[in-house]
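Subject: Structure for you to look at

Hi there,

Here is the structure I promised to pass on. Please open it alongside this email, and I will walk you through what turned up.

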Amino acid sequence: MDTKVKTDIGHLRIDGQRLWDSLMELAQIGATPKGGVCRLTLTDLDKQGRDLVTGWAREAGMSVTIDKIGNVFMRRPGRDDSLPPIMTGSHIDTQPTGGKFDGNYGVLAGIEVVRTLNDHGIETEAPIEVAFWTNEEGSRFVPVMMGSGVFAKAFTLEHAYAATDTEGKTVKGELERIGYIGEQEPGDHPIGAYFETHIEQGPVLEDNDKTIGVVSGVLGIRWFDCTVTGMEAHAGPTPMALRKDALLAATRIMQDVVAAAHRHPPHGRGTVGMVQVFPNSRNVIPGRVKFSIDLRNSTDELVDAMAAEVKALADQVAREHGVQVQIDLVSSYPAQQFHAECVEAVGRAAASLGYSHMPAVSGAGHDAVYMAKLAPAGMIFIPCKDGISHNEIEDAQPAHIEAGCNVLLHAMLERAGVVAG
């Protein structure tokens with residue numbers, strides 16, 4: 001057989017209405033009154049979603065493999081089936097008040113790519129695979145991104161199996177109960193390249209009126225708990241100069257968390273999302289304040305620089321206010337740059353298809369982070385309305401859904417190669 005790559009695939013487009021209809025059908029499993037989806041991992045609803053998606057895959061002629069953590073791989077063979085597959089995917093579990101598109105779009109976009117190749121009778125050199133990963137959201141079990149993390153050996157299968165939900169049910173028990181505990185060892189599954197299509201979950205694309213985000217990487221994250229200890233005292237009799245006000249000192253540090261992000265643009269992020277004030281009484285000077293610090297940036301060096309600046313300011317505040325400040329690291333996620341060739345493939349596809357596009361970074365974690373440690377990887381973002389996600393009102397335009405999938409189609413074909421007819 002002549003194996004020269006065809007040059008006339010530029011006309012290929014997915015069926016946008018078919019993709020949209022599939023998204024809406026999947027969204028009915030766990031649909032909420034406000035238009036969102038509650039389909040927590042390894043529940044009966046998750047089983048229904050898994051059954052629906054794997055049924056679609058089999059209808060498209062794909063084989064289905066499940067590993068021991070419940071990750072699902074749906075495969076369309078290539079001409080040379082010994083080549084590692086060009087893979088795409090995401091997750092189909094949701095937040096308790098989740099939307100229709102987070103994760104689900106990336107999985108069903110992959111199914112639509114395969115359906116489109118079938119429609120046009122196109123054979124690829126390498127196999128095409130669509131994956132969905134177990135417990136990406138981490139809403140019912142921790143850690144987050146569990147399935148892809150076990151696959152990438154970030155933590156052990158035994159650790160994941162032992163995780164429990166609020167009712168004491170284990171991951172292993174629930175996988176067995178819903179019938180999605182497979183035989184393949186996690187990670188014993190080659191990947192030639194990995195692409196993940198996703199709503200942005202932020203407002204940047206919409207704000208810039210761009211259709212496609214060409215994602216270069218995922219921000220590094222450091223989470224800290226900060227505890228400021230002063231002295232409780234009566235708000236009336238205690239003069240201002242003699243106070244050890246923990247909240248006053250804490251607010252200076254909180255403001256520097258935000259300022260540190262501004263000092264390291266364009267990807268610096270600084271957030272204080274949780275604050276506990278003790279004793280939390282109207283007429284008592286706060287004696288202790290505990291709050292969260294979330295720092296993010298595009299490289300680990302930048303995140304660590306931001307953290308060092310905040311800690312230095314905290315030391316200064318402690319001296320000036322006569323309080324104690326303790327900052328403890330609770331989580332650290334390294335920044336992940338995506339493979340230049342995959343990033344460029346996404347950019348070329350967007351340009352050749354005539355879609356407006358711009359460079360983007362992901363401020364949230366995705367399964368692609370773990371895949372990028374194993375194989376060349378890249379991501380494709382599309383806008384979501386008002387940048388809202390992890391919310392029942394999460395929304396995306398059908399035209400953007402279609403555009404992102406078309407970019408995925410052409411980026412995957414560039415990596416997989418097309419057999420001449």
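A residue is called buried here when its relative accessible area is under 20%. Please keep in mind that this is a predicted model.

With that cut-off in hand, let's start with Asp102. Its relative accessible area is 5%, so Asp102 is buried. You will find Asp102 in the loop between E3 and H3. Beyond its neighbours within four places in sequence, Asp102 is in contact with His91, Glu137, His198, Ile199, Gln201, Ser389, His390 and Glu394.

Two of those partners come up again in the annotation. Under "binding site", an unreviewed UniProt entry lists His91, Asp102 and His198. Why can these residues be said to gather at one spot? They span 108 residues in sequence, yet no two of their C-alpha atoms are more than 10.2 Å apart, so they do come together at one spot. From this set, Asp102 and His198 belong to the lining of the largest pocket.

His91 sits in the loop between strand E3 (86-90) and helix H3 (104-119). Is His91 buried or exposed? Its relative accessibility is 0%, so His91 counts as buried. Not counting residues up to four places away in sequence, His91 touches Asp102, Gly103, Asn104, Val107, Phe132, Trp133, Glu136, Glu137, His198 and Asp367. Both other residues of the UniProt set, Asp102 and His198, are therefore among the residues that His91 touches.

Gln201, one of the contacts of Asp102, has a feature of its own. Its phi is near 65°, a positive value in a residue other than glycine. Gln201 lies in the loop between E5 and helix H7 (204-208). With a relative accessible area of 19%, Gln201 is buried because that value falls under the 20% cut-off.

Met145 also has a positive phi without being glycine, with a value near 50°. This residue is in the loop between E4 and H4, and Met145 counts as buried at 7% relative accessibility.

Val142 and Pro143 are joined by a cis peptide bond, with omega about 10°. Pro143 lies between strand E4 (128-132) and helix H4 (146-151), in the loop there. Another cis peptide bond runs from Phe278 to Pro279, where omega is near 5°. Pro279 is placed in the loop between strand E10 (275-278) and strand E11 (284-285).

Finally, have a look at His189, in the loop between helix H6 (171-178) and strand E5 (193-199). His189 has a relative accessible area of 10%, so this residue is buried. Which side chains make polar contacts with the side chain of His189? One is Glu129, in a polar contact of 2.7 Å. Another is Gln184, where the polar contact is 2.9 Å. Leaving aside neighbours within four places in sequence, His189 is in contact with Phe73, Met87, Glu129, Phe151 and Gln184.

Notes: Residues are numbered from 1 along each chain as its sequence is written. This is a predicted model: local features need pLDDT of at least 70, side-chain atom pairs count only at pLDDT 80 or more; totals for chains, interfaces and linings use all residues. Side-chain values use heavy atoms; hydrogens and water are left out. Helices (H or I, at least four residues) and strands (E, at least two) are DSSP runs, numbered from the N terminus. Buried means under 20% relative accessible area, exposed over 50%, partly exposed in between (1.4 Å probe, protein chains only). A polar contact is a pair of N or O atoms within 3.5 Å; within protein, one must be able to donate a hydrogen and the other to accept it, and residues adjacent in sequence count only if both atoms are side-chain atoms. Contact means heavy atoms within 4.5 Å. UniProt positions are given in the numbering used here, feature names are shortened, and annotations may be inferred rather than shown by experiment. On a 1 Å grid over the protein atoms alone, a cavity is a set of points where a 1.4 Å probe fits but cannot get out, and a pocket is an open set with protein on both sides within 12 Å along at least five of seven lines; lining residues have an atom within 4 Å of a point.
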